[in-house]
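Reader: Please put the model up, and I'll ask as I go.

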Amino acid sequence: MTATQTFGASRASTDITLQLLDADGTTRGAELLAAPSFTKPTGPLRSRTLYAAAHVIPKVTAENVPGAPAEIDWDATLNYRRQIFSWGIGVADAMDTAQRNMGLDPAATRELIAKSAECAREAGGSVAVGVNTDGRAEETLSLAEIEAAYLDQLAFAQEQGVTPVLMSSRHLARAAMGPDDYRRVYDRVLGEAEGGVIIHWLGTAFDPQLAGYFGHADWRPAADSLLALVAAHADKVAGIKMSLLDADAERYVRAQLPEGVTMFTGDDFNYVELIRDDATGAHSDALLGAFSVLAPNASAAVQALDCGDEAGFTRILAPTQDLSRQVFAAPTFYYKTGVAFLSWLNGHQDAFKMVGGLHSARSLPHLSRIVELANACGALERPELAAERWHAMLRLDGLLKGGAA
C-alpha cells in the first residue's frame with residue numbers, strides 16, 4: 001500500500017465534537033476527524049532530503065520564566081527527536097526553533113548539540129546543528145571576535161560529527177559596515193571548516209535584528225553577495241537554507257547555486273510549491289520548523305514522490321500549508337509557541353511549557369485556529385488526546401463548561 005493510498009480521499013469522524021474559540025470569545029463545535037493512517041518508511045526517503053527544526057521541552061517544574069536558564073527535560077526532548085527520525089526525516093537542532101536567542105542559553109545549547117548528536121548515532125538519524133556567535137554575552141563584538149565566536153561553535157559541532165548550519169549572527173549584523181565585512185567573516189569561518197556546511201539566511205520576519213544581512217537592505221543584492229560567497233567556497237558549502245518567506249527570492253538563489261550545493265527551503269509559507277518540481281524540474285529540499293509538527297505528513301508526501309505520485313504528494317502536503325501559515329503568522333518569531341503547543345496536543349510532552357515563558361506568547365483564539373487547521377489537515381496524531389487537552393485548557397480559562405471531552 002502506498003503512502004497516498006493510506007491517506008484516502010477523506011477521513012472518518014470520531015464521536016467527539018471539537019470545541020473552538022473565535023476571536024470574539026464565542027465557542028463553536030466542529031467535527032473531530034480521525035488521524036490519517038500514514039505509514040512509516042522502511043528505508044531512507046529518496047526523492048527529497050528533509051530536516052525538521054526541532055524545539056526543546058523544559059522540565060515542567062523548572063523556572064520557565066523570562067531570563068531564567070533553560071532546564072531541559074532531556075528524555076522528552078530526545079524522544080521527540082527519535083520520533084522524527086522514525087519518519088525518515090533528519091533533525092535540525094539548536095536552531096531558532098530551539099529558541100536560540102529566545103531562551104536557550106549557551107550552556108544548554110552546547111549540551112543539546114552533544115545529546116542530539118549522540119541520539120542520532122544511536123537511532124541512525126541525521127542531524128544538522130546551528131553554529132552562531134551567541135556564546136558571547138556582549139551585544140557588540142569586533143569582526144575578529146565574531147570570527148572567533150563562530151569558530152568556537154563550529155569546532156564543537158564538527159567534534160560531534162554533525163552537519164554545521166552557519167546561522168545568521170546578530171553580532172555580525174550590528175558590526176558589519178557593508179558586504180565586505182560579511183565576506184571577511186564568512187571567508188575566515190568557511191576557510192577553517194572541514195566541509196559540508198549549510199549557510200542559513202534568516203529573514204527579518206524571524207529576527208528583526210538581522211536587517212540588512214549580507215550588506216544590503218534589499219534581498220536581490222544581498223542574494224548576489226551570498227552567491228558570490230558560495231561560489232568562492234563551493235567545496236565547503238553543502239547547501240543554503242533560505243528563510244525569507246519569499247518564494248521568488250529562493251528560486252532566484254536556487255537557480256544560480258553551483259553544482260553540488262543544495263537549496264534547503266526554510267519557507268514555512270510556501271514549502272509545498274518549492275519542494276515540488278517546478279516547470280524546469282528544479283526543486284528545493286527542506287529544513288523547516290513546520291516539519292517538526294508535520295513529520296508524518298511530510299514523510300508520507302515524499303514517500304508518494306518516491307513512488308512517482310506527484311499528485312499524491314500535493315494531496316497530502318498541500319492541506320498542511322494553511323496550518324503552517326497560522327503557526328508562523330506575524331509576529332513570526334513567536335512561531336515556536338505553536339510548535340510546542342502541537343507537540344503537547346500530540347502527546348510528545350506532558351505540559352504546554354517552554355523555556356523563557358514563551359508558552360504565553362500566543363492568544364487562545366490563535367491557538368484555537370491552530371487546533372482547527374491541524375484537525376482539518378491531519379496533523380493531530382492522536383485526535384482524542386488533542387481534544388481532551390485542548391478542552392481542558394478552555395475549561396481552565398473558564399471558556400468551556402460541562403463535560404466536553
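Reader: Start with R136: buried, exposed or partly exposed?
Author: R136 counts as partly exposed because its relative accessibility is 29%. Buried means under 20% relative accessible area, exposed over 50%, and partly exposed in between (1.4 Å probe, protein chains only).

Reader: Where does this come from?
Author: This is a predicted model, where local features need pLDDT of at least 70, side-chain atom pairs count only at pLDDT 80 or more, and totals for chains, interfaces and linings use all residues. Residues are numbered from 1 along each chain as its sequence is written, and side-chain values use heavy atoms, with hydrogens and water left out.

Reader: What does the R136 side chain meet in a salt bridge?
Author: E138, at 3.2 Å from N to O. A salt bridge is a side-chain nitrogen of Lys or Arg within 4 Å of a carboxyl oxygen of Asp or Glu. E138 counts as partly exposed because its relative accessibility is 38%.

Reader: How many salt bridges in the structure?
Author: 19. One of them joins R48 and D277, with the closest N and O atoms 3.1 Å apart. That pair links distant parts of the chain, 229 residues apart.

Reader: Why does R48 count as buried?
Author: Because R48 has 8% relative accessibility. D277, at 34%, counts as partly exposed.

Reader: What about K115?
Author: K115 pairs with E111, the closest N and O atoms being 3.9 Å apart. K115 counts as partly exposed at 27% relative accessibility, and E111 is partly exposed at 37%.

Reader: Which residues are linked in a network of salt bridges?
Author: D22, R28, R369 and E372.

Definitions and conventions: Helices (H or I, at least four residues) and strands (E, at least two) are DSSP runs, numbered from the N terminus.
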